[in-house]
Amino acid sequence: MQYLGIDYQMKHPPKLDPTFIPFGVWREAYLKGATKPLAIALERDKGRVSVHHTFIHGTPEMAEADYRYVERYVKFLLWSTGGFRVSICGCSELAQRLQKAYTPEGERHFDFTFVNQLYERDLEILDLPLEACPTANETAEPMGGNMDGCRIGFDAGGSDRKVSAVIDGECVYSEEVVWFPKLQEDPDYHFGHIVEAFKTAASKMPRVDAIGVSSAGTFIGNAPMVASLFIKVPRSNWDKVKTIYDRAAAEIDPNIPILVANDGDVSALAGAMGLGKGNLMGIAMGTSEAVGYVDQDKNVLGWINELAFAPVDLQAGAMQDEWSTDYGVGCKYFSQDAVIKLAPAAGIELDENLSPAEKLKVVQGLMAEDDPRAQAIFETIGAYLAYTVVLYSQFYDIEHMMMLGRVMSGKGGDTILNVCNAVLADEFPALAAKCEVMLPDEKTRRVGQSVAAASLPKLK
């Protein structure tokens, strides 16, 4: 197989998508002939800088391959670690092309706008010589795994909110309440529900020592900067959103430590607490792809981990994500959208009047009856996953990959898992031996999202 002059090998092309070009596999093949050094540095909040050293070909005939490689590499880094200043060190031509792409009018306008909302500053692409590459500063702020004392754990979901009262690691009370945060323009609605949940949990314990929050979105400290829970709130009223969790905690006690983390990271933390092991990535395949990661010490490290918008497929005809406008990004391969997009190729006609969740249920119903068309869909997603494990392992140290979400339920989920592990074992045996791809066990399920959230802050 060949793409942009680079020969790459793929022994198990996805059954219903044979033109799939796995970025991770192509990247490894591309680097075999690359000898010109290049460095990419990303600066994010608190002066933290990630530096990645790589190589390009640097010849006229490989110019398009070089650009495709670096452009996808930068895109992946922006959606994994995050950053508002990207330094391309060692190739002015590539830097200048990226500068044109990452503008309000450029090809990567969505990414530019997202960075502006997240960091409240414009995304910059700098053109620097190799020797001027910024120095790495990867100061981590570990969080999670603290079970001492009386703690509140709050999980802010899109359709329900959960809260737990946890004393020395034991959940003594838990409740789940329906709410409608995505429909509300006034953040006082959200604030009232959060305070009510905190007070309910507090009433079940002799005191409150700490509060931990699991919430969808991307955060700077405890401040939600981009979050679907507040999608209807005008940006002009965002100051109330940024302080919402800190203000809610102050309603209990202004001196209580509170820590907020992305729900994907808290899912990974729950998995690590259940397994008693770190270097774990959690992937929830539902409405979109939600990803979280904890390191070897079972700590959440504060990367944004929004891999739904990170590239996995290089093919020109890949499905476009309607929101980000990009092609071949994770949300179209590891979500209910993946099932829906593959249905026509499998020969399954879905009623367009059904919601995406209802369409998924139709295919899962066929799978329950062992319909070979549905089987082909989930086998295809399993192959997608195997080749994407290769990619994710190039950026994260992964020993355990826990698969979650409604797409992973039933026979379809079992098929995804079986195909993924079979492809890894056959084609990437070293990676298969290191990285276990699995479903959560009962112990992990018992930990729960809100209980894991309760463990986020350390006591003062």
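## Exercises on a predicted model

At 18% relative accessibility, Leu16 counts as buried (under 20% relative accessible area; exposed is over 50%, partly exposed in between; 1.4 Å probe, protein chains only). Before we start, note that this is a predicted model, in which local features need pLDDT of at least 70, side-chain atom pairs count only at pLDDT 80 or more, and totals for chains, interfaces and linings use all residues. Residues are numbered from 1 along each chain as its sequence is written, and side-chain values use heavy atoms, with hydrogens and water left out.

**Exercise 1.** Find where Leu16 lies and list which residues it touches, leaving out those up to four places away in sequence.

*Solution.* 
- Step 1: look for contacts (heavy atoms within 4.5 Å). With residues up to four places away set aside, Leu16 touches Leu342, Ala345, Ala346, Ala376, Ile377 and Thr380.
- Step 2: Leu16 and Ile381 are 365 residues apart in sequence, while their C-alpha atoms are 9.2 Å apart in space.

**Exercise 2.** Describe the backbone and the exposure of Leu4 and Thr325.

*Solution.* 
- Step 1: recall that most residues other than glycine have a negative phi.
- Step 2: Leu4, not a glycine, has a positive phi of about 50 degrees; Thr325, not a glycine either, has a positive phi of about 70 degrees.
- Step 3: Leu4 sits in the loop between β1 (2–3) and β2, and Thr325 in the loop between β15 (289–294) and α9 (336–346).
- Step 4: Leu4 counts as partly exposed because its relative accessibility is 35%; Thr325 is partly exposed at 25%.

**Exercise 3.** Work out the strand order of the open sheet with 4 strands, and which helices pack on it.

*Solution.* 
- Step 1: the order is β15-β14-β16-β17, with mixed pairing (two strands pair if DSSP finds at least two bridges between them).
- Step 2: β15 and β17 (436–438) each have a single partner strand, so one side of each is left without a neighbour in the sheet.
- Step 3: β16 (residues 400–404) and β17 run parallel, joined by 3 bridges, and Met402 stands opposite Met438 in β17.
- Step 4: helix α8 (residues 263–275) packs on the sheet, touching β14 (280–285), β15, β16 and β17. Helix α12 (residues 410–427) also packs there, touching β14, β16 and β17.

Key: Helices (H or I, at least four residues) and strands (E, at least two) are DSSP runs, numbered from the N terminus. Axes are lines fitted to C-alpha atoms, for helices over the stretch in contact, and angles run from 0 to 180 degrees between N-to-C directions.
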